[in-house]
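Dear colleague,

Please find the structure below for your records. The findings follow directly after it.

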Amino acid sequence: MTQAQIGVTGLAVMGANLARNLARHGHTVAVHNRSQSRTKTLVEEHGHEGSFVACETPEEFVAALERPRRVIVMVKAGAPTDAVIEEFAPLLEPGDMLVDGGNAHFLDTRRREAALRERGIHFVGAGVSGGEEGALLGPSIMPGGSKESYEALGPLLEDIAAKVDGVPCCTHIGPDGAGHFVKMVHNGIEYADMQLIAEAYDLLRQGLGLSPSQLADVFDEWNRGELSSYLIEITAEVLRQVDASTGKPLVDVIADRAEQKGTGRWTVQIALDLGVPVSGIAEAVFARSVSGHADLREAARGLPGPSGVPAGVLDESFVEDVRRALYASKIIAYAQGFDQIRAGSAEYGWEVDPGALATIWRGGCIIRAVFLDRIREAYESETPPVTLLTAPLFVEALGLAQDSWRRVVARAAEFGIPAPGFSTALAYYDSLRAERLPAALIQGQRDFFGAHTYQRTDREGSFHTLWSGDRSEIGG
Ligand code: NBP
């Protein structure tokens, strides 16, 4: 029987496309799926693309693999992944590698990695981004797990990953759950980026009355500059699409309720646990949540507010204002995401290299953008910034954008156009650059009702004012 270099179990759209990608790159791939029909279909329809070994049972699949075995699991995240691990682990031997390419929660990955390590099996939680097309043509791959496993897996994964300037969009991220953690934050950043683009669209549509096809032209134009990215590119395509049954722009017949699959929510939950302010990502998750609350929206529709944008108040210059505001807000969202990665890396001892991460996000994944090159440069400079906001390139960009940014947020408030992403990004920027924050007053309030104490600006120590006594201060 032919020995396969690697195997893929779970042949729905992602697994099938990854298997085809591996086969197209000259690797012999063992393929297996719980329901055999998927295996059969894959080999019947795409068998000519490379060398596949179709396996009906887990035993047959494991026997078809050269040692140490490399098994990619591409099944639904959660209980199905545990079920597959339970099924395959007893058939594997020490030194074998089990790769979970699904969207697992990184804490599940840590648990699974620890359990399999006891049995001598390398468990690799690998984030895979790029959707089904990416899986087939070149995704961005974020593998965690042991360094040793990456030595055996890396060459194959780098082979099938997207390439930018000849550099594969795949690198070893760090131990245990590091790969799935960065994939989670990647998706959180994706939420923020999409929300900001949606706000830009809404501001220009409501503010200037531009049609979807005119807006498609605007996004096409923006895609030629510093905003150039996959998300801007597809935004233009979606806006240009006309609905076949009504003849209206498709965007006007799509229900305005955005869905979320969970990774954005996880990003915010974990950020709260780590104490990292990812307000841009949080606003994006909440904005989707608001859109889905039909009952609240129905009840509140018609509440008092400005009725639209008066004619002639805004002119063409608003387009450039919105573009700059979008770029500045995007810098904030990415800076916050990278802060969360730094915090997670410190908490779990992963030593994630942010420059390497920016490098592998330049291609293959949903947030791929020219902009990631700027982030890579910032982190690879001799003095990497504490926050991306202080990298010289971004200091300059934010400086150039800020007048526009403030005008756009003010106009949005004035005309009653919701722009939570733009607003929160600007508030974060102003908070970080502020000399003093009103947190001092909050500390005073906390000390008043809960004797929580406060620190002083002029002396070391903890202090408390005797609020219900003579109001003298104690402590030091
Ligand atoms: P799905 O997430 O829809 O999962 C379907 C696969 O899981 C089928 O192969 C199914 O087998 C298998 N499966 C299930 Br469900 N329960 C199982 C069990 N108890 N034992 C064995 N197999 C089981 O597939 P997908 O959309 O291709 O995504 C695969 C993974 O990749 C997911 O974790 C997803 O979150 C992640 N991901 C998806 C995308 C994307 O764009 N779709 C992007 C990035 C990552 P069956 O055929 O026998 O029912």
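I begin with Thr359, which is buried because its relative accessible area is 12%. Here buried means under 20% relative accessible area, exposed over 50%, and partly exposed in between, with a 1.4 Å probe and protein chains only. Thr359 belongs to helix H16 (residues 354-360). Its side chain reaches the backbone oxygen of Gly355 at 2.7 Å. Helices (H or I, at least four residues) and strands (E, at least two) are DSSP runs, numbered from the N terminus.

As to provenance, this is a predicted model, in which local features need pLDDT of at least 70 and side-chain atom pairs count only at pLDDT 80 or more, while totals for chains, interfaces and linings use all residues. Residues are numbered from 1 along each chain as its sequence is written, and side-chain values use heavy atoms, with hydrogens and water left out.

Salt bridges

A search of the whole structure finds 36 salt bridges, each defined as a side-chain nitrogen of Lys or Arg within 4 Å of a carboxyl oxygen of Asp or Glu. One of them joins the side chains of Lys330 and Asp193, at 3.3 Å from N to O. This pair links distant parts of the chain, with Lys330 in helix H15 (residues 317-348) and Asp193 in helix H8 (residues 178-208), 137 residues apart. Both Lys330 and Asp193 are buried.

Helix H8 also holds Val182, which counts as buried because its relative accessibility is 0%. The C-alpha atoms of Val182 and Gln340 lie 9.1 Å apart in space, although the two residues are 158 apart in sequence.

A further salt bridge connects Arg406 with Asp430, whose closest N and O atoms are 2.8 Å apart. Arg406 is in helix H18 (residues 392-415) and Asp430 in helix H19 (residues 420-433), so this pair, 24 residues apart, also links distant parts of the chain. Arg406 is partly exposed at 27% relative accessible area, and Asp430 is partly exposed at 23%.

The side chains of Arg224 and Glu221 meet in a salt bridge at 3.1 Å, N to O. Arg224 is exposed at 63% relative accessibility, whereas Glu221 is partly exposed at 48%.

Backbone geometry

Most residues other than glycine have a negative phi, and most peptide bonds are trans.

- The peptide bond from Arg67 to Pro68 is cis, with omega near -10 degrees; Pro68 sits in the loop between H3 and strand E4 (70-73).
- Glu351, in the loop between H15 and H16, has a positive phi near 55 degrees and is exposed at 72% relative accessibility.
- Ala451, in the loop between helix H20 (439-450) and strand E10 (463-465), has a positive phi near 50 degrees and is partly exposed at 44% relative accessibility.

With kind regards

How values were computed:
Polar contact = N/O pair within 3.5 Å; in protein donor to acceptor, adjacent residues only side chain to side chain.
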